[in-house]
Amino acid sequence: MTTAPGPRRGALALLASTQLLLIMDTAIVNVALPSVGADLGSGSAGLSWVANAYLITFGGLLLLGGRTADLLGHRRVFLGGLGLLAGASAAGGLAPGAGVLVAARAAQGAGAALAAASAFALLLLLFPDGPARHRALGAFAAMGGLGGVLGTVLGGVLTDLLGWRSTFWLNVLLAAVLAALAGRLLDHRAGRPRPGGFDLAGALTATAGLGLLAAALVGAPEAGWLSARTLGAGGAGLALLLAFAAVERRAVAPLVPAAVLARPALRLSNALAALAQTTLFPMFFLVSLYLQNVLGYPPLGGGLGLLPLSLVVVAVAPQTGRIIFRLGLHRTMTLGFVLLAAGTLWLALALTPDGSFTGTVLAPSLLLGAALPLVMVTTNVAATAEATAEETGLASGLVNTSQQFGSVLGLAVLVAVATARTGSVDAARAAAETAGHRAALLTGAAFAAGAALASVRLRPPRPVPSPGLKVSGRP
């Protein structure tokens with residue numbers, strides 16, 4: 001049974017703040033990268049791996065992290081992930097060269113994967129399926145939207161005032177605060193270990209396969225989609241994932257039981273979660289580039305240009321549960337994807353080389369801010385509704401992995417589209433970049449429209465009763 005609403009709200013605030021930290025970290029480091037390169041003497045290739053090392057380990061370890069949390073205990077893995085994130089961030093803040101920094105970023109990604117998967121699983125245990133879980137997932141979506149903007153703003157401020165190393169020390173401080181609060185707000189029995197064996201062969205093949213696939217995707221825009229490096233990493237990753245599927249059929253205690261993947265609602269909702277991020281994640285990146293490279297905004301101004309969108313996310317996300325109650329889960333999901341497609345299409349068609357923020361970006365970004373929590377909350381609800389208490393970490397790992405790979409795939413594909421279009425336009429630089437951004441956003445709108453059509457096929461999953469999660473009653 002769950003305890004009083006007060007402690008439960010405190011635990012939700014803790015878990016949502018973890019989501020805020022993880023999203024904010026990516027944005028902060030991206031803003032600081034030019035300063036990192038100038039200080040450490042790293043070229044563009046080295047700088048790209050400062051970002052990519054984090055994405056690869058984060059995406060590759062989410063599934064394993066979620067299942068490990070089921071077996072070892074969600075609270076324990078959550079604290080371990082925060083500890084690893086803090087330690088790796090300290091190593092990054094002290095890094096004498098680019099090689100050490102890349103290794104620290106890889107370790108950060110591992111810690112983030114453990115913390116993200118276990119935090120989401122703890123939320124599922126804390127809030128059984130229904131309106132309370134919908135509101136909790138809305139808080140997660142709001143924190144995610146806010147984290148991107150806060151990261152961009154703080155990255156610019158900290159880098160300008162204290163240097164790029166301060167961005168890593170901020171992670172150390174925030175992770176330590178969250179770990180201390182977890183000791184007070186989460187009961188030691190929260191997410192206790194579950195009996196069962198550990199599928200070592202499945203863990204190795206899945207993690208290596210996902211990691212290699214992530215490496216191929218994040219490196220493709222730089223190396224080329226048909227380069228030996230991209231094809232080699234991608235082919236090896238797919239081969240390992242096929243080996244993983246074969247291992248799972250024979251494993252006594254499989255990492256991903258076949259019965260879980262047999263659920264139609266889970267498969268479709270995970271695919272839709274990936275498609276949502278395929279459009280959303282590159283959109284933030286492309287809007288920031290347009291504001292800076294075409295309209296001439298400074299990096300901080302480019303980040304602040306996304307603030308109205310984030311404020312709409314924060315306003316709409318807590319209302320998503322009520323919308324689901326009135327319209328139903330699949331109708332709300334379809335509405336979200338329709339708004340996402342419409343907003344992305346509107347933004348693409350509005351871009352001009354001599355535009356302005358208020359006349360070009362503001363209005364469609366507000367529509368996208370309303371779409372984001374609708375698609376994020378509904379896909380998460382559908383992907384986790386059938387998970388039992390023993391499967392919360394697994395369900396969390398699956399949907400987080402889907403979202404992460406959707407982000408990586410979307411950024412790789414849409415940046416490639418933008419680059420190809422820009423290179424083929426014989427015009428002024430601003431016009432060429434605008435044409436590239438427009439082509440990329442039109443591609444994203446097509447992904448969202450396809451997801452809207454697919455969401456019509458979703459049948460509401462049957463929620464599984466949950467015993468709830470204990471939280472500490474201490475003030």
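A: Thr-332 is found in helix α14, which covers residues 329-350; helices here are DSSP runs of H or I with at least four residues, strands are runs of E with at least two, and both are numbered from the N terminus. This is a predicted model, in which local features need pLDDT of at least 70 and side-chain atom pairs count only at pLDDT 80 or more, while totals for chains, interfaces and linings use all residues. Residues are numbered from 1 along each chain as its sequence is written, and side-chain values use heavy atoms, with hydrogens and water left out.

With a relative accessible area of 0%, Thr-332 is buried, a word that means under 20% relative accessible area, whereas exposed means over 50% and partly exposed lies in between, for a 1.4 Å probe and protein chains only. Leaving aside residues up to four places away in sequence, Thr-332 touches Ile-323, Ile-324, Leu-327, Leu-374 and Thr-378, where contact means heavy atoms within 4.5 Å. The side chain of Thr-332 also reaches two backbone oxygens, that of Gly-328 at 2.7 Å and that of Ile-323 at 3.5 Å. Along the chain, Thr-332 and Gly-321 are 11 residues apart, and their C-alpha atoms are separated by 9.7 Å.

Arg-105, in helix α4 (residues 98-126), can be read in this way too. Arg-105 counts as buried because its relative accessibility is 1%. The side chain of Arg-105 makes a polar contact with the side chain of Gln-108 at 2.9 Å; such a contact is a pair of N or O atoms within 3.5 Å, and within protein one must be able to donate a hydrogen and the other to accept it, while residues adjacent in sequence count only if both atoms are side-chain atoms. Although Arg-105 and Leu-55 are 50 residues apart in sequence, their C-alpha atoms are 8.8 Å apart in space. Beyond residues up to four places away in sequence, Arg-105 touches several others, among them Asp-25, Val-50, Tyr-54 and Phe-168.

Phe-168 leads on to helix α6, where it is one of the buried residues, which also include Leu-170, Val-172 and Leu-178. Helix α6 (residues 165-185) has 21 residues and reaches 31 Å from its first C-alpha to its last, close to the 30 Å expected, the expected span being 1.5 Å times one less than the number of residues.
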